[in-house]
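Subject: A structure for you to look at

Hello! Here is the structure I promised to pass on to you. Have a look around first, and then read my notes below.

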Amino acid sequence: MPEEHLLTISDVADWLGVSKGWVYDHTTRKQPRLPCIRLGELTRFRREDVEKFIEEHANGSGSR
């Protein structure tokens, strides 16, 4: 099984072209919710969850 590398808030922000604050907001309280994994105080993301988030919101129906 290939090793899965979890992404950081910075990784996801760079990938989506948004600020780290935007990513944090959308993992905690704003809609659309960005799925994440909490490891104590750390927040991490699975690549497939971020890809699914992008697909679901690419048509603009989930954006403000």
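Let me begin with E48, which is partly exposed at 41% relative accessibility. On this scale, buried is under 20% relative accessible area, exposed is over 50%, and partly exposed is in between (1.4 Å probe, protein chains only). Please keep in mind that this is a predicted model: local features need pLDDT of at least 70, side-chain atom pairs count only at pLDDT 80 or more, and totals for chains, interfaces and linings use all residues. Residues are numbered from 1 along each chain as its sequence is written, and side-chain values use heavy atoms, with hydrogens and water left out.

Salt bridges

Which residue forms a salt bridge with E48? The partner is R46, with the closest N and O atoms 4.0 Å apart. A salt bridge here is a side-chain nitrogen of Lys or Arg within 4 Å of a carboxyl oxygen of Asp or Glu. R46 also forms a salt bridge with D49, where the closest N and O atoms are 3.0 Å apart. R46 is partly exposed, with 33% relative accessibility, while D49 is buried at 16%.

The structure holds 5 salt bridges. Another one joins K30 to D25, their closest N and O atoms being 3.7 Å apart. Here K30 is partly exposed at 38%, whereas D25 is buried at 17%. Together with R29, these two residues are linked in a network of salt bridges: D25, R29 and K30.

The overall layout

The chain has 3 helices and 2 strands, and from the N terminus on they run α-α-β-β-α. Helices (H or I, at least four residues) and strands (E, at least two) are DSSP runs, numbered from the N terminus. The chain has 64 residues, and 23% of them count as buried. It exposes about 4700 Å², of which carbon and sulfur atoms supply 49%; these areas come from the Shrake-Rupley method with a 1.4 Å probe, and for residues only the protein chains shown count as cover. Among contacts (heavy atoms within 4.5 Å) between residues at least 6 apart in sequence, 45% join residues at least 24 apart.

The nonpolar core

Which residues make up the largest nonpolar core? There are 9 residues in all: L7, I9, V12, A13, V23, L34, F45, V50 and F53. The elements giving two or more residues to this core are α1 (9-16) and α3 (47-57), and α1 gives the most, with 3 residues. A nonpolar core means a set of buried Ala, Val, Leu, Ile, Met, Phe, Trp, Tyr and Cys residues joined through side-chain atoms within 4.5 Å.

Although L7 and F45 are 38 residues apart along the chain, their C-alpha atoms are separated by 4.9 Å. Leaving aside neighbours within four places in sequence, L7 is in contact with V12, W15, T43, R44, F45, R47 and V50.

Two of those contacts, W15 and R47, turn up again: the charged end of R47 sits over the ring of W15, 5.1 Å from its centre. The rule for this is NZ of Lys or CZ of Arg within 6 Å of the ring centre and within 35 degrees of the ring normal.

F53 and its surroundings

F53 is buried, at 7% relative accessible area. Not counting residues up to four places away in sequence, F53 touches W22, P32, R33, L34 and P35.

How many aromatic pairs are there? The count comes to 1. The rings of W22 and F53 have their centres 6.5 Å apart and their planes at 70°, so the pair is edge-to-face. The pair links distant parts of the chain, 31 residues apart: W22 is in helix α2 (residues 20-28) and F53 in helix α3. For this rule, rings of Phe, Tyr and Trp (its six-membered ring) pair if their centres lie within 6.5 Å; planes under 30 degrees apart are stacked, over 60 edge-to-face, and the rest tilted. W22 itself is partly exposed, at 28%.

Elsewhere in α2, V23, D25, H26 and T27 are buried, and what covers the buried residues of this helix includes α1 and β1 (37-39). P32, one of the residues touching F53, is found in the loop between α2 and β1. The peptide bond from Q31 to P32 is cis, with omega near 0°.

Enjoy exploring!
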